[in-house]
Amino acid sequence: MEKTFNLTRRDDGIAILTMDVPGETMNTLKAQFGPEISEILAEIKSDSSIRGLVLISGKKDSFVAGADISMLDACKTAGDAKALSQQGHVVFNELEALTIPVVAAIHGACLGGGLELALACHQRVCSDDGKTMLGVPEVQLGLLPGGGGTQRLPRLVGITTALDMMLTGKQIRPKQALKMGLVNDVVPQTILLQTAVEMALAGKRAPKPVKKSLVNQVLEGTSFGRNIIFDQATKQVEKKTQGNYPAPAKIIDCVRQGIAKGMQKGLEVEASHFAELVVSKESEALRSIFFATTEMKKETGAEGASPRKVKKAVILGGGLMGGGIASVTTTKAKIPVRVKDISEKGLSNALAYAYKLLDKGVKRRHMTPAARDNLMALMTTTTEYKGVKDADIVVEAVFEDLALKHQMVKDIERECGEHTIFASNTSSLPISQIAEAATRPENVIGLHYFSPVEKMPLVEVIAHAKTSPETIATTVAFARKQGKTPIVVQDGAGFYVNRILALYMNEAAQLLLEGQSVEHLDKALVKFGFPVGPITLLDEVGIDVGAKISPILEKELGERFKAPAAFDKLLGDDRKGRKNGKGFYQYGASSKKAKAVDESVYGVLGIKPGTNKDAKAVAERCVVQMLNEAVRCLEDGIIASPRDGDIGAIFGIGFPPFLGGPFHYIDTLGAANLVRILEGYQSQFGNRFEPCERLKTMAQENTHFF
């Protein structure tokens, strides 16, 4: 059995403990390491020649990426999970209790249990490398730091900073870590070990008091002030999570109790809360998303095909989408891009868009002006087809007009190479129709981004019947390099995400016309767990865009996609949403931070808001439409698996992550239950609610997706 921890002794009395999990690219903490570490610690204690200890990773690019999450799925009961946390406490307490100085030398990812391990050391030094990141991201999996993190972190960096780290899961860069007192020093990687050894030789030092803002000094210094911090944090958390996520409140409670009653009590509370969260359905759903995305990273999207290398990309169209796609291609994928637009204005828009995003990084000091300019230099522009011959992929982001897209296909086939992929960022036109104009249809594929491109993690890769496997694999790899999570979907109107979204939005519109107020509708779905309500979303996406997509979906998929006729009235009143400052909500300088509804919209639609129905009932009516259509997409072969359907809905439209996605949620509800709800609405509102065949079969046979 290969060992994970290896102890070497130096002549100067410093021992180096190297962690290197055999056969894995990253170090993760596993339960079975406990005895091995305890044995080594006993050896260190009994050896009087050891004057100090340095902990370092044997991996080239990471310290410890966290605890091994699959351990948690092995926990059958809360008791099992509690034992895991307590075992971690025992080992870390032993490490902290060593009488010799213990220094963590950190390079690369130091996250979750990895940071908790470093916190149990007496001092920490990290490399100034871009790969070095420190954080406690457990909250993103519906958990809390269960290895003493809720106790050691606030004591080291202060309560406010620690809560901010634990409640957001954000990752801290080396310079920030030094400033907040999370590490004692930041040095180039070449001298990391040497510096750590010198720190150990210098002996234990009392940590420097953390520089806190005056407000935080005052608040954290008294129990009255601390209560204000905890109460404020609780209020903010409730507003953000709508009570749907249990972990944040438990994190606050661990810190609160630990500060008031001492470390021992704090650790007991931490272990109990951790155990309850591990077995909660919310954490189970969030972990399933984590495993699904990890699994997807290993897939090429096309069985047996390998991606070709993309060395140069061309973007057609310098609008909002084109500018966004060009920007993630240069900044994230570091691939040179040529932007082609018919007007100079479009080109300067695309450049300005990319520059603004990069400049944010400069202003926040995450990047130097020189680095920004180097990335900007990867983007060039043209109004004619110049400098495009050697493009490996062309992403088309022009208007939703089939004739125009046909022209683009012909232009590219004429101007580029025989292997150049033509990827269309269309949101509704079937790719097979776009490929009709191609002499090389095997190179034509859909690549559907969501707006705003730099923020939305999902992209749909759409294959039509003739798309070659190599084209699919190359496009998937390209999207991944841009930092996106791609799902491969088959061709069809609306693909997957817009198709399930359309019915949900239509139902919200029906409710509005029945007299539900705009605010009530939006609040009901935010409470359900969506990041924004459907009416806000319509304003953001553009009422005109919605109006354009509906007839296409109705023509291809049938009557249930018919949009309410009242929407023509909105466009007749020139209401397009945020983009022209006129929609359901008020825009412009006069509108305050919290958006107010533009009450005149009711008059335009010819309705008066009546009494609001129960929020749960409102949300249910919109959501079951989405669930039913998601299963239809699986039935039609649009998505390959329930897993892809869950990831698509969560990353594409913000389906509530704590529910695990539409298919996980259907399993929670039970297919029979969902069919009963749908049939109830069908008898009330007509056939748009008719449950699909697969759901009916599952209801009869009592089967599940997972």
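**Close-up views: salt bridges, cores and helix pairs**

A search through the whole structure turns up 43 salt bridges, each one a side-chain nitrogen of Lys or Arg within 4 Å of a carboxyl oxygen of Asp or Glu. This is a predicted model, so local features need pLDDT of at least 70 and side-chain atom pairs count only at pLDDT 80 or more, while totals for chains, interfaces and linings use all residues. Residues are numbered from 1 along each chain as its sequence is written, and side-chain values use heavy atoms, with hydrogens and water left out.

**View A. Asp20 and Lys59 join two loops.** The side chains of Asp20 and Lys59 form a salt bridge at 2.6 Å, N to O. Asp20 sits in the loop between β2 (14-19) and α1 (33-46) and Lys59 in the loop between β3 (52-57) and β4 (62-64), so the pair ties together parts 39 residues apart in sequence. (Helices, H or I of at least four residues, and strands, E of at least two, are DSSP runs numbered from the N terminus.) Asp20 is partly exposed at 28% relative accessibility, while Lys59 is buried at 12%. Here buried means under 20% relative accessible area, exposed over 50%, and partly exposed in between, with a 1.4 Å probe and protein chains only.

**View B. Glu96 pairs with Arg152.** This salt bridge spans 2.9 Å, N to O, between the side chains of Glu96 and Arg152. Glu96 belongs to helix α3 (residues 78-96) and Arg152 to helix α5 (residues 149-157), so the link ties together parts that are 56 residues apart in sequence. Glu96 is partly exposed at 30% relative accessibility; Arg152 is buried, with a relative accessible area of 6%.

View C. Arg643 and Glu295 meet through their side chains at 2.7 Å, N to O. Arg643 is in α27 (residues 642-653) and Glu295 in α13 (residues 281-297), so this pair connects parts 348 residues apart in sequence. The two axes come within 10 Å and cross at roughly 105°. Axes are lines fitted to C-alpha atoms, for helices over the stretch in contact, and angles run from 0 to 180 degrees between N-to-C directions. α13 and α27 are therefore roughly perpendicular; angles under 35 degrees count as roughly parallel, over 145 as roughly antiparallel, 65 to 115 as roughly perpendicular and the rest as oblique. Among the α13 residues that meet α27 are Ile289 and Met296, where contact means heavy atoms within 4.5 Å.

**View D. α20 packs against α26.** Helix α20 (residues 497-513) and α26 pack at about 155°, with axes 8 Å apart, and are therefore roughly antiparallel. The residues that meet include Arg499 and Leu503 in α20 and Glu629 and Arg632 in α26. Arg499, Glu629 and Arg632 also turn up in a salt-bridge network that includes Arg560 and Asp636.

**View E. Two nonpolar cores.** A nonpolar core is a set of buried Ala, Val, Leu, Ile, Met, Phe, Trp, Tyr and Cys residues joined through side-chain atoms within 4.5 Å. The largest core has 93 residues, and Leu316, Tyr496, Leu512, Phe584, Phe655 and Leu695 touch the most other members. Helix α26 (residues 615-635) gives this core its largest share, 11 residues. A second, separate core of 73 residues includes Ile50, Leu117, Ile159 and Ala177.
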